[in-house]
Amino acid sequence: MAQFRLRALEEVLNREPVDVKREDNLVSNYYGTLVFDEAKMKKYLSKLAFNAVMEAIEKGTSVDRKMADQVAQGMKSWAMDNGATHYTHWFQPLTDSTAEKHDAFVEHGEKGNVIEAFSGKLLAQQEPDASSFPSGGIRQTFEARGYTAWDPTSPAFISETTLTIPTVFISYTGEALDYKTPLLRAIRTVDEAATAVCHYFDKNVASVQSNLGWEQEYFLIDEALYMARPDLMLTGRTLMGHASSKDQQLDDHYFSSIPTRVNRFMQDMENEAYKLGIPIKTRHNEVAPNQFEVAPIFEEANLANDHNQLVMDIMQKIARRHKFRVLFHEKPFAGINGSGKHNNWSLSTNTGVNLFSPGKNPKSNLLFLTFVINTLKAVYDHQDLLRAGIYNAANQHRLGANEAPPSIISAFLGTEVSKMLDLMEEAVVDRKMTPDEKTALKLNIGRIPEIILDNTDRNRTSPFAFTGNRFEFRAVGSSGNCASALIVLNTVVANQLVIFKKEVDALIEKGTKKDEAIFQVLKELIIASKPIRFNGDNYSDDWVKEAEKRGLSNIKNVPEALSAYLRPESKSLFEKMGVLDESELHGRVEVEYEKFIMKIQIEARVLGDLAINHIVPTAIQYQTTLLKNVKNIKEVFSAEEFEQLASARLDLIREIGMHVSAIKAKRKEMIEARKKANVIEDTVEKAEAYDITVRPFLDDIRYHIDKLELIVDNELWPLPKYRELLFVR
Ligand code: ADP
Ligand code: MG
């Protein structure tokens, strides 16, 4: 058998599950040991410094330099007590991963010696030489300076021997160059808008927090097999590979018993996560073979997102210990399920009320409905922006394939809430409501069951589903930063809440009573947002037709999906809500287009190389064997017998020849298409060219390779096949 593939398979067959040493049998005994959390701050900081940090966390105030110095001292002492020698500002540039640059605590002392030092200045701000991070043209290289600045709302932690400080990443001129900065701004803007609306119901609400509970899907592939697949290594997905005769048809992987090697990996990863204060709760097998999921208990959105980034990083490191590689790509294998990252999102008040949970009485239910209905309207109005926030070269393969919601954004509410909206629409009349009418409506509103979590018919096909006490944004892809989706979601909901408040206030000013004003505006929102509500099967063809009738957009390519960001109304929306100004928005969209171009370009190159260096030689080798065989037959047998014995082989020889020629020709055309696209100056046009003229070759060439895989001698085939990648564990 082809050497590399054979060796990889042999290696896998000899694998044993790796032993895992858990820190303690009780997670509560070691949870958060590596986090500079409240308890440790209390111990290591003066009261003044402690209060300054707590105020920064709760109210978003800044910590002054003197206090920062004290915090830095405390942090350093704690970190050194726990084995740290270095510190780093940890940030989330617009790539798909996190960034860090480590510095030792050492400084020169006064007598030529070295001492351990860490100051408030170094804690608060740093200037990494960050000129190579994408900025979309915000930073010119001659002014490449970018700053990282401490985010006190996400606690510092120790990773290996490094004190790691979560930070934002901004340009010299103050523009956001990362995911965290606009996420924090979006969280703030929805806090303000939601708090103002809450005041109609409860004056004691001082703040509203956005929450995120992510569910991370991923594949685990044995390291040896992974290394034998250059396409997986370089692009994160298989660019070729014929479907395995059996994959997920029998649904026998989903929720089935977790393979031991995988289970050990999960335990190991959870152990690390618990030390870092990440509340991992769930693990299970997913639908596709070798696909799994991990999910924590939800947390405040900024922290939860940091934790997601951290977990993705830990997973990759721990996987190596277990001789696995993690695939976060949205569609590593054609024809079977891809991976998503459901973003469970909710808003809750500082008084402990989840705004997406029905309450005990008409008033709290009206609060609940207010938030649900405004969210619906925001999703309806800004469906294109929500899509832009989740669309990229990888997720494009997943959305609309049979396992994921299509590119049409719609919202699922379930029967209970849908019924309630219909009822409100009918019961709220256009004239002043009589006291009886109002009482009847309130009584009805009071009837929403307090716990609808268990009786919401869970529609698994909806891209944006209400699931009893939260919305679940399911269209989000597995590889990206959740912030991209959450920035849009929080911003559009905040914007809608501001509009709602204005309208209600205007009615109140004209003399309408508060509750009736709320009813009236909600009724209008229910009517206006109706097209976005869909409780049926989002995967069906009928829905595509129906959605079109409703005027919902269905954009299936990255360049067009991203262009929603560039509309004048999008720019003014982000600007008005204080989340991204025009140049920041422009910069990050530029980065997204560039990422798209690069990804397609890399895939095209890798496929071209593999086709010519791996596949074509193999096919020719097998064809040569067949040719020799035919020649031999001809020597031995009569012409008549030859015809009979060799005709099938001759067909095969022709077939191989045909596929090889097609691969070679298409590769040449693909290179030409790239050359043409590469000289286009405008990034958007270039992305379009890559999408329309280069991308289709990936499928075209693959088609011929996959056909060859079916006919070429298995012993010769150089790359691990789907059945090996997916079923060996
Ligand atoms: P599934 O969708 O697979 O049934 P779970 O019920 O296990 O998932 O929950 C998925 C995620 O939703 C978890 O991270 C959970 O903590 C989170 N979650 C639950 N309630 C809320 C909420 N009110 N706001 C945000 N996330 C929540
Ligand atoms: Mg879910």
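Helices α21 and α23 cross in a left-handed way. This is a predicted model. Two packed helices are described by the angle between their axes and the distance between the axes. Helix α21 covers residues 582-636, and helix α23 covers residues 683-711. Their axes are 9 Å apart and meet at an angle of about 25 degrees. Angles under 35 degrees count as roughly parallel, so α21 is roughly parallel to α23. What kinds of residues make the contact of α21 with α23? The contact has 18 nonpolar residues, two polar ones and five charged ones.

Helix α21 has another partner. Helix α22, residues 639-678, packs against α21 with the axes 9 Å apart. Here the angle is about 160 degrees. Angles over 145 degrees count as roughly antiparallel, and therefore α21 is roughly antiparallel to α22. The crossing of α21 and α22 is left-handed. The contact between α21 and α22 divides into 23 nonpolar, six polar and five charged residues.

Now step back to the whole chain. It is divided into domain 1 (21-178), domain 2 (187-580) and domain 3 (595-727). How far apart are the C-alpha centres of domain 1 and domain 3? They lie 51 Å apart.

Next comes the ligand. Around ligand 1 there are 14 residues. The ones that come nearest are Gly213, Phe298, Asn344, Ser346 and Arg470. Which elements give two or more residues to this shell? They are strands β9 (208-222), β11 (291-296) and β14 (341-349). Sorted by class, the shell around ligand 1 holds five nonpolar, seven polar and two charged residues.

Move on to Phe471. Phe471 sits in strand β17, residues 471-473. Is Phe471 buried or exposed? Phe471 has 26 C-beta neighbours inside 10 Å, so it counts as buried.

Val53 belongs to helix α3, residues 47-59. Val53 is buried because 24 other C-beta atoms lie within 10 Å. Along the chain, Val53 and Asp64 are eleven residues apart. Their C-alpha atoms are separated by 10.0 Å.

Back to helix pairs. Helix α9 (residues 260-275) and helix α10 (residues 301-321) have axes that come within 9 Å. These axes cross at roughly 135 degrees, which means that α9 is oblique to α10. The crossing of α9 and α10 is right-handed.

Finally, look at the backbone. Most residues other than glycine have a negative phi, and most peptide bonds are trans. Asn290 has a positive phi near 60 degrees, although Asn290 is a residue other than glycine. Where is Asn290 found? Asn290 is in the loop between β10 (280-285) and β11. With 24 C-beta neighbours inside 10 Å, Asn290 counts as buried.

Lys323 also is not a glycine, and its phi is positive, about 60 degrees. Lys323 is in the loop between α10 and β13 (324-327). How many C-beta neighbours does Lys323 have inside 10 Å? Lys323 has 17, so it counts as partly exposed. A residue needs 20 or more to count as buried.

Note on methods. Residues are numbered from 1 along each chain as its sequence is written. Chains are lettered from A and ligands numbered from 1 in the order in which they are written. This is a predicted model: local features need pLDDT of at least 70, side-chain atom pairs count only at pLDDT 80 or more; totals for chains, interfaces and linings use all residues. A residue is near a molecule or strand if its C-beta atom, placed from the backbone, lies within 6 Å of it. Helices (H or I, at least four residues) and strands (E, at least two) are DSSP runs, numbered from the N terminus. Ala, Val, Leu, Ile, Met, Phe, Trp, Tyr, Cys and Pro count as nonpolar, Asp, Glu, Lys and Arg as charged, and the others, Gly among them, as polar. Axes are lines fitted to C-alpha atoms, for helices over the stretch in contact, and angles run from 0 to 180 degrees between N-to-C directions. Angles under 35 degrees count as roughly parallel, over 145 as roughly antiparallel, 65 to 115 as roughly perpendicular and the rest as oblique. A crossing is left-handed if the near helix is turned anticlockwise from the far one by less than a right angle, and right-handed if clockwise. Domain bounds come from an automatic or database domain assignment. A residue is buried if 20 or more other C-beta atoms lie within 10 Å of its own, exposed if 12 or fewer, and partly exposed in between; C-beta atoms are placed from the backbone.
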